[in-house]
Amino acid sequence: MASPARSPQLTPSGAQRAGGSGQLAGRTVSRIGFGAMQLERLRGERKTAVALLHRCIELGIDHIDTAQFYGHGFVNEVIREAIRAQDDVMVVSKVGAEPDPDGPLPLRLAQRPEQLRAAVEENLATLGMEQIPLVNLRRTDTGPGLRAEGDQVIDLDDQLAVMTALRDEGKIGAIGLSSVSLDVLRRALPAGIACVQNAYSLLARDDEDMLRLCLEEDIAWVPYFPLGSAFDGMPKVTDEPAVRAAARDLNAAPAQVGLAWLLHHAPNVLLIPGTADPAHLEANVQAGALTLDEATLSALDAVPSRTGDIAID
């Protein structure tokens with residue numbers, strides 16, 4: 001009989017995989033992971049943050065998305081405290097930005113090669129790891145958010161050179177990309193890309209061609225803003241009439257329908273919804289068990305994409 005660690009349906013801790021099983025950087029993981037950014041809200045409640053991560057493992061989550069710039073390292077420190085080696089949780093981080101305590105926004109870009117290397121080193125230190133299994137390079141080619149200016153406008157090849165060097169040195173296991181265009185992804189493919197994180201949801205589907213390319217290349221598609229609404233002007237999936245109608249029919253929350261649609265849409269989709277609330281965490285995991293029949297999927301697929309590509313200056 002296969003041990004839990006070897007079963008594609010169970011996590012190493014023996015829990016049923018949240019959302020079923022998927023592939024991330026050559027590893028079998030649960031299709032629903034955890035985006036740790038919102039743990040910043042628990043900076044004064046460290047034990048609560050640790051308990052939430054323990055609950056993630058109990059619910060069948062075995063990959064966590066983080067960054068050194070989440071809470072100025074606080075989130076990484078909580079992950080280091082909460083996750084044990086025997087949990088075998090895959091930790092994914094990202095580089096390309098850093099905290100900006102004195103600026104108008106909490107973040108500023110850090111795109112230069114030496115900044116990318118320094119960010120990886122900082123992640124390793126706060127996470128207490130010798131290697132980060134996957135690191136996403138956050139660029140500024142597309143999607144809502146910051147735009148590169150001045151010395152932060154860096155050629156992709158220069159960035160990939162340092163990322164591949166870090167991989168060759170064993171400091172990172174695989175390379176991902178975030179906020180990239182289709183052309184940039186195509187340029188990057190020879191470097192070996194394991195993951196793409198772009199803003200994507202039922203109402204923001206401009207990247208369908210990129211999603212198909214990722215599927216062809218065995219690249220995980222990990223959407224951020226999976227329910228929209230992160231910036232003013234972005235449509236909210238939970239306000240869409242077809243989503244609300246499906247939620248009523250299924251006795252589910254609209255957010256669960258929005259997440260379930262993503263899982264049904266393509267087999268390489270992995271989700272990293274974040275929260276600081278245990279009840280919300282459980283609801284997110286339950287979305288992975290939601291079945292959408294053909295009629296429901298057809299109604300949702302017919303919803304037009306209404307992307308709001310908003311840059312913050």
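Is N76 buried or exposed? I looked this up at the outset and found N76 buried, with a relative accessible area of 0%. I take buried as under 20% relative accessible area, exposed as over 50% and partly exposed as in between, using a 1.4 Å probe and protein chains only.

**Basis of the entries.** I am working with a predicted model, in which local features need pLDDT of at least 70 and side-chain atom pairs count only at pLDDT 80 or more, while totals for chains, interfaces and linings use all residues. Residues are numbered from 1 along each chain as its sequence is written, and side-chain values use heavy atoms, with hydrogens and water left out.

**Entry: N76.** I placed N76 in helix α2, residues 74-82. Helices (H or I, at least four residues) and strands (E, at least two) are DSSP runs that I number from the N terminus. I then listed the contacts of N76, where contact means heavy atoms within 4.5 Å. Leaving out residues up to four places away in sequence, N76 touches T66, A67, Q68, N123, T126 and L127.

**Entry: α1 against α2.** I looked at how helix α2 meets α1. Their axes come within 9 Å and cross at roughly 60°. For this I use lines fitted to C-alpha atoms, for helices over the stretch in contact, with angles from 0 to 180 degrees between N-to-C directions. α1 and α2 are therefore oblique to each other. Under the cut-offs, angles under 35 degrees count as roughly parallel, over 145 as roughly antiparallel, 65 to 115 as roughly perpendicular and the rest as oblique. I noted the crossing of α1 and α2 as right-handed. A crossing is right-handed if the near helix is turned clockwise from the far one by less than a right angle, and left-handed if anticlockwise. From α1, the contact is made by R46, A49, V50, L53 and H54; from α2, by F74, E77, V78, I79, E81 and A82. I sorted the residues of this contact into 7 nonpolar, 1 polar and 3 charged. In that sorting, Ala, Val, Leu, Ile, Met, Phe, Trp, Tyr, Cys and Pro count as nonpolar, Asp, Glu, Lys and Arg as charged, and the others, Gly among them, as polar.

**Entry: α1 against α9.** Helix α1 (residues 46-58) also packs with helix α9 (residues 278-286), at an angle of about 20° and with the axes 11 Å apart. That makes the two helices, α1 and α9, roughly parallel. I recorded a right-handed crossing where α1 passes α9. On the α1 side I found L52, R55 and C56, which meet P278, L281 and E282 in α9. This contact divides into 4 nonpolar, no polar and 2 charged residues.

**Entry: α7.** Which residues of helix α7 (residues 241-250) are buried? I found V243, A246 and A247. Seen down the axis of α7, these buried residues fall within an arc of 100°, so they line one face of the helix. The arc is that of the directions from the helix axis to the C-beta atoms. An α-helix has 3.6 residues a turn, so residues three or four places apart point the same way. On the face of α7 turned away from the buried side, I noted the exposed residues P241, R248 and D249. The buried residues of α7 pack against α8 (254-265) and α10 (294-301). After α7 comes N251, with a positive phi near 55°.

**Entry: α7 against α8.** I found that the axes of α7 and α8 come within 8 Å and cross at roughly 105°. The two helices, α7 and α8, are therefore roughly perpendicular to each other. V243, R244, A246, A247 and L250 of α7 make the contact with P254, V257 and G258 of α8. I counted 6 nonpolar residues, 1 polar and 1 charged in the contact of α7 with α8.

**Entry: positive phi in loops.** A25 is not a glycine, yet I read a positive phi of about 55° there. A25 sits in the loop between β1 (21-24) and β2 (27-30) and is partly exposed, at a relative accessible area of 33%. S179, also not a glycine, has a positive phi of about 55°. I located S179 in the loop between β9 (175-178) and α5 (182-188), where S179 counts as buried at 2% relative accessibility.

**Entry: P106.** I found P106 in the loop between β6 (97-99) and β7 (107-109). P106 is exposed, with a relative accessible area of 63%. Leaving aside neighbours within four places in sequence, P106 is in contact with E98, P99 and D100. I also noted that P106 and G71, 35 residues apart in sequence, are 9.8 Å apart in space, C-alpha to C-alpha.
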